[in-house]
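Visitor: I am new to this structure and would like to be taken through it. Please show it first, and then I will ask.

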Amino acid sequence: MAVHSRRTLLKGLGGAAALAALSGCGVPSARISADRRAAPDRSARDKALTFANWPLYIDTDDDNASRRPTLDAFRERTGISVTYTEEINDNDEFFGKISPSLMNHQDTGRDLVVISDWMCARFVRLGWVQEMDRSRQPNVDRYLDPLLRNPHFDEGRRSTVPWQSGITGIAYNRRQLGREIRQVSDLWADDLKGRVTLLSGLDEAFALLMQGDGVDITRWTNDDFHRVCDRVEKLVNSRHIRRFTGNDYIKDLESGDVLACQAYSGDVIQLQADKPEIEFVVPEEGAELWSESLMIPNLARHKANAEKLVDYYYEPEVAAELAAWVNYVCPVPAARDVLASAKDEETAALAEDPLIFPDDAMRTRLAIARDITSRERPELAKRWNGVAGL
């Protein structure tokens with residue numbers, strides 16, 4: 001199922017400015033040193049943990065939506081009970097909810113959380129998350145997709161582990177448009193004037209647009225960013241770009257008001273079930289591979305239990321069960337063979353979907369963007385928000 005509230009946008013400078021300040025521009029004491037992040041671990045005597053996630057981001061029982069089969073199986077196997085909450089609806093909002101505790105060196109009441117990697121980067125810089133013990137996580141060590149192992153903000157994935165991943169690319173209505181889209185520059189053709197939308201969130205939009213400009217997004221510069229903004233600004237002024245959107249681009253595609261747009265792979269999989277004429281493209285110049293990742297906050301009381309749960313979801317069989325439900329890019333490529341062997345034809349077909357398991361040709365065009373630093377963010381957010389009309 002698609003989750004239309006996860007990849008949310010930064011509205012204005014409020015959240016961005018606060019993050020910049022906390023990251024060292026005025027509140028240096030917000031950073032927690034490594035020797036102050038751990039609390040006495042109760043895992044051995046208290047078989048429990050609290051896990052905060054986004055809505056509709058885990059498998060549920062078809063007959064009882066309150067049951068989550070993979071979590072139930074984990075409890076039965078380990079004896080560890082999981083208090084699972086769907087409390088994360090927006091990265092900035094969740095940051096605001098738990099940052100006072102983390103800043104003041106207090107337990108957040110959560111042992112495991114899932115947030116977008118661009119926000120994970122802030123937590124890692126602030127020292128608000130603990131490194132995981134990989135000796136307790138052989139499945140993560142063995143099965144984590146090599147493409148996701150070394151993001152710039154957390155080399156070696158010491159403090160974060162992808163929950164699910166996705167691609168920011170282009171969705172378009174092949175039937176109505178009457179031609180293929182292969183490159184980002186194809187969006188600017190005359191027959192798409194007024195029928196194109198871009199994502200409004202800075203973190204969601206900038207990487208694909210830079211790739212269309214030939215930029216290596218693993219090492220982009222501020223000049224690259226402003227050059228792209230100059231081009232987009234001209235397209236806005238000429239009314240080529242219809243508008244900037246959150247996940248409501250889905251409605252525009254469904255209605256036919258928009259023929260092509262920036263889009264997330266997981267959303268398009270769901271949309272194709274009813275509108276097979278909608279296609280998703282990883283442009284020839286490349287597309288951004290992103291993740292929403294698991295983290296253990298400072299002073300978590302059940303760290304070992306949380307590490308065990310993370311590793312459990314990296315068993316190929318468990319990863320396959322989750323992937324079959326959420327339909328995002330699976331961070332465990334070995335799960336593909338599990339799905340391919342399924343007796344149910346619809347489930348087995350998921351193994352051949354490149355938006356869940358990117359094929360070799362697609363993988364060569366995927367990259368994880370260098371994150372926006374805390375010092376860059378205020379200036380870049382101001383420029384982008386001005387272009388997007390936020």
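Guide: One definition first: a residue is buried under 20% relative accessible area, exposed over 50%, and partly exposed in between. The model shown is predicted.

Visitor: With 40% relative accessibility, what does Lys-97 count as?
Guide: Buried requires a value under 20% and exposed a value over 50%. Lys-97 has 40% relative accessibility, so Lys-97 counts as partly exposed.

Visitor: Which residue forms a salt bridge with Lys-97?
Guide: Lys-97 lies in helix H3, and its partner lies in the loop between S2 and H3. The closest N and O atoms of the pair are 3.2 Å apart, and the partner is Glu-87.

Visitor: What radius of gyration does the protein chain have?
Guide: The C-alpha atoms fill a box of roughly 65 × 60 × 35 Å along the principal axes. With 390 residues, a compact globule would have a radius of gyration near 21 Å, and the protein chain agrees with that, at 21 Å.

Visitor: What percentage of the residues in the protein chain is buried?
Guide: The protein chain holds 16 helices and 10 strands. Its accessible surface comes to about 15,800 Å², and carbon and sulfur atoms account for 46% of that surface. Of the 390 residues, the buried share is 58%.

Visitor: How many of the 11 residues of helix H12 are buried?
Guide: Among the elements that cover the buried residues of H12 are H2, H5, S4, H11 and H13. The buried residues of H12 include Trp-325 and Val-326. Helix H12 is largely enclosed by the rest of the structure, because the buried residues number 8 of 11.

Visitor: What relative accessible area does Leu-56 have?
Guide: Leu-56 is placed in the loop between strand S1 and H2. Leu-56 is not a glycine, yet its phi is positive, about 55°. Leu-56 is partly exposed, and its relative accessible area is 39%.

Visitor: Which side chain of opposite charge is nearest to Asp-154?
Guide: Asp-154 is found in the loop between helix H5 and strand S4. A salt bridge needs a side-chain nitrogen of Lys or Arg within 4 Å of a carboxyl oxygen of Asp or Glu. The nearest side chain of opposite charge is 4.9 Å away, and the buried Asp-154 has no salt bridge. That nearest side chain belongs to Arg-158.

Visitor: Which backbone nitrogen does the side chain of Asp-154 reach at 3.1 Å?
Guide: The side chain of Asp-154 reaches the backbone nitrogen of Arg-158 at 3.3 Å. At 3.1 Å, the side chain of Asp-154 reaches the backbone nitrogen of Ser-159.

Note on methods:
Residues numbered from 1 in each chain as written. Predicted model: local features only at pLDDT ≥ 70, side-chain atom pairs only at ≥ 80, totals over all residues. Heavy atoms only, no water. Helix = DSSP H or I, 4+ residues; strand = E, 2+ residues; numbered from the N terminus. Buried < 20%, exposed > 50% of the residue type's maximum accessible area, 1.4 Å probe, protein only. Lys, Arg positive; Asp, Glu negative; His and termini not counted. Polar contact = N/O pair within 3.5 Å; in protein donor to acceptor, adjacent residues only side chain to side chain. Rg over C-alpha atoms; globule rule 2.2 N^0.38 Å. Areas by Shrake-Rupley, 256 points an atom, 1.4 Å probe, with all protein chains shown as cover. Contact = heavy atoms within 4.5 Å.
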